[in-house]
Amino acid sequence: MAGVAGMTWLFVRLKLSMIRGGLRGDAGRQAGFVFSLAAALLAAAAGFALLSLIRLAPSGVALDLVTAAFAMFAVGWVVVPLMAFGLDETLDPARLALFPLTTRQLAAGMLAASAAGPWPLASLAALCGGVVALAHGVGGVLLGVPAVILQFAFCLTASRLVTTVLSGALRSRRGRDLLAVAAIFAVLLVQVPNLLLNGRLSGDPTRILAAAGEVMRWTPPGLAAHAIADGGLIGVAELIVVAMSVVVLAWLWIAALRYALVRPDSSNQGGGSVRRSRTSRFLLGGPLGAVVAKELKYARREPRARVNWITAVFVSAVVMFSIRGSGGTGWTWAVVGPACLAALVIGLQSANSFGIDGRSLWMNAVAFSTPRDLRTDLAGRHLAMAVVAVPLIALASLAAALVAGDAVWALAAAPTAWGVLGVAMGVGAITSVTAPYTFPERMNAFSGAAPGQGGQAFGAAFVTMVAVSVLALPVVLPVLLGLTWWALLAVPYGAAAAWAGRRVAAGIGFARLPELLAAVSRPT
Amino acid sequence: MADAVRTQGLYKRFGPQVAVGGVDLVVPKGSFAGLVGPNGAGKTTTLSMVTGLLRPDGGRIEIDGHDVWADPVKVKANIGVLPEGLRLFERLSGRELLMYSGQLRGIPLDEIGRRADELLKVMDLVEAQDKLVVDYSTGMRKKIGLAAALLHNPRVLFLDEPFEGVDPVSANTLTEVLRRYTASGSTVVFSSHVMDLVERLCDWVSVMNGGLVVAQGPLDDVRRGRSLNEAFLDLVGVRGNGEDGLSWLGSPA
């Protein structure tokens, strides 16, 4: 027993010293660490306060709300570590396979380690709000404390079980590629209920809540919530069921752990072959064609590129639906507005053109001997983006026009939006060389940049957005105000902006090629 | 005749740490040169600066008599690079990587196809040519990286640890290719930890330690009758011979 306890303490210390490791390094990382700590504290306080406030709701609604919140915690605990897998080394049992540890020691240690740290403690604190929200009388409080602890244990074991079962797949390249794209879908799916509510497609939110509460009532988080509200013998029985579900999960997890430790590592098994490209014969043979072909392949094959495109399309769709709801200011606003915003969102991808190349950008750098080479490279990237984005924007314009009432309106919206895309690419080229940053190797939902570059990434995107909006005004505003033939000028204007942007960017970028290279190849 | 590589007072610091403190590296044309040194000696930093991937804080670099940073047009077309860390375009197949690299340098497509076929054959990568580089093993990555560096037939080739993680069969192929390449008058500069290999392949050696070149010249001048390994240990200063401490290590008597 002393072995298990000692080992558990060792695991917790390991986790804590890894967290402390965030304090070392440069100022950016330290700022990030402090920020994350403050955010955890804020989340703990806000979560606790919000859950506590549910007490003010009628008791039936309050129970459903807490049930939903508890269930969301459990789902969050399962999903978040999957997206951030690889950030936390204690999560991967394979790293510990060579140490002479019993499965029991490992299980206790890893469980304790995953409970340590600011974010787990923050979620425990937030969960305590459930007691405030639901407990009536002494029984409620007495049952509430074990209920929250059991709910927390349920979250921990469920999360451990899923990460362990998937750890083999997560270490293989294909598994990670799939997960990166699946994760973004999970994030986006969360937005769907929101959209449905916005679109008033379904009825009354309290009815939906009640229906959801009904479904989740018999899940362990639902049982835990109900036990707090009940505060009597039924509550005790419910807690016993929750405890049993935790034990079953823990047992399954230990079995999975045992299996994972002796299974061969699949991370080195190669994937299949790719087809020789047939499209390349339609492209030019020179550097421009090479860049276009490479960029188009990356848009298909690189999960981060796919995620960027999926996000851009999804955000455009959201914008389109939201603007339709507000309506009432003339068709130009309802059709041209969303189309231009879609173009802006898609075009923003070019604000860090070299990010996806990252550490492999040196292959370009050793070949580029004049600013002209870099200009060709940027032109290739823009061309590849246009190949995908131009039809996409046309579709978006058509969709917006159909939703607003007349397909003909797309004829004004699409060219205007193409112009905005051109402006976005031009401005993006300049931000790509002045404020480049590293995309993390592993996509996760929390940071779009390497440690310490998050603020810069945000700033670059923001400045690009503002600059594009201002520069696009001369073509967008007249169209919005009803001067529809002005849309004819948008395409040449956008093309000129993209050309000018490339020209300026190539000059700046070539002069600071080594710095550009270093900025996009930071360790993540 | 200008030397293939000549640096003067090359200097680079990262924060308070001086990585390269005034390196005068010389490599004569047509030589097979080894750059050796312990970990942290500044080999990789030096090679990065010489190939134009890292901006030096001071000093001059000339390749074939042209300044790397002032005259990149003359230099970049004539050098091939295999940097450390095997950073390649992961989501291209091996063949696509070669095609991309060749097109970027403006070689006609059918010529790239021909060269790529031959390089893939020599490197024994024909079967894996349509697999993505991300799925390649370390040795395969080294080979495809070397193929990409050779594709445009550079006059000087810079290789950072080219034999690390490469199986003996492939290593043999690589050395044969490189020997033939230097025999024609082209130059290879490669860094390595493996003294036996350097001794076997190189006719010119530069020894780095603590950010400086501590010895440099034809192989026989540097080793002066000893094995290169002995000469190297003398030059960098042997750091303990393993006799102190560790009394518990080994089977009990």
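## Chain A: overall build

Of the 524 residues in chain A, 44% count as buried. This is a predicted model. Chain A has 19 helices and 0 strands.

Residues 24 or more positions apart account for 82% of them.

## The α15–α16 pair in chain A

Helix α15 of chain A spans residues 371-404, and helix α16 of chain A spans residues 410-434. The two pack at an angle of about 150°. Their axes lie 9 Å apart. Angles over 145 degrees count as roughly antiparallel, and α15(A) and α16(A) are therefore roughly antiparallel to each other. Their crossing is right-handed.

Which residues of α15(A) meet α16(A)? From α15(A) come Leu378(A), His382(A), Met385(A), Ala389(A), Val390(A), Ile393(A), Ala394(A), Ser397(A), Leu398(A), Ala400(A) and Ala401(A). On the α16(A) side, the partners are Ala410(A), Ala413(A), Ala414(A), Ala417(A), Trp418(A), Leu421(A), Met425(A) and Ala429(A). By class, this contact between α15(A) and α16(A) has 17 nonpolar residues, 2 polar and no charged.

## Where chain A meets chain B

The contact between the chains takes 28 residues from chain A and 31 residues from chain B. On the chain A side, three helices each supply at least two residues: α11 (287-301), α14 (362-365) and α19 (513-520). Which helix gives the most to this side of chain A? That is α11(A), with 7 residues.

## Chain B: two domains

Chain B is divided into two domains.

How far apart are the C-alpha centres of the two domains of chain B? They lie 25 Å apart. The contact between the domains takes 6 residues from domain 1 of chain B and 7 residues from domain 2 of chain B. On the domain 1 side, the residues that touch domain 2 of chain B comprise 3 nonpolar, 2 polar and 1 charged.

How values were computed. Residues are numbered from 1 along each chain as its sequence is written. Chains are lettered from A and ligands numbered from 1 in the order in which they are written. This is a predicted model: local features need pLDDT of at least 70, side-chain atom pairs count only at pLDDT 80 or more; totals for chains, interfaces and linings use all residues. Domain bounds come from an automatic or database domain assignment. Two residues are in contact if their C-beta atoms, placed from the backbone, lie within 7 Å. Ala, Val, Leu, Ile, Met, Phe, Trp, Tyr, Cys and Pro count as nonpolar, Asp, Glu, Lys and Arg as charged, and the others, Gly among them, as polar. Helices (H or I, at least four residues) and strands (E, at least two) are DSSP runs, numbered from the N terminus. Axes are lines fitted to C-alpha atoms, for helices over the stretch in contact, and angles run from 0 to 180 degrees between N-to-C directions. Angles under 35 degrees count as roughly parallel, over 145 as roughly antiparallel, 65 to 115 as roughly perpendicular and the rest as oblique. A crossing is left-handed if the near helix is turned anticlockwise from the far one by less than a right angle, and right-handed if clockwise. A residue is buried if 20 or more other C-beta atoms lie within 10 Å of its own, exposed if 12 or fewer, and partly exposed in between; C-beta atoms are placed from the backbone.
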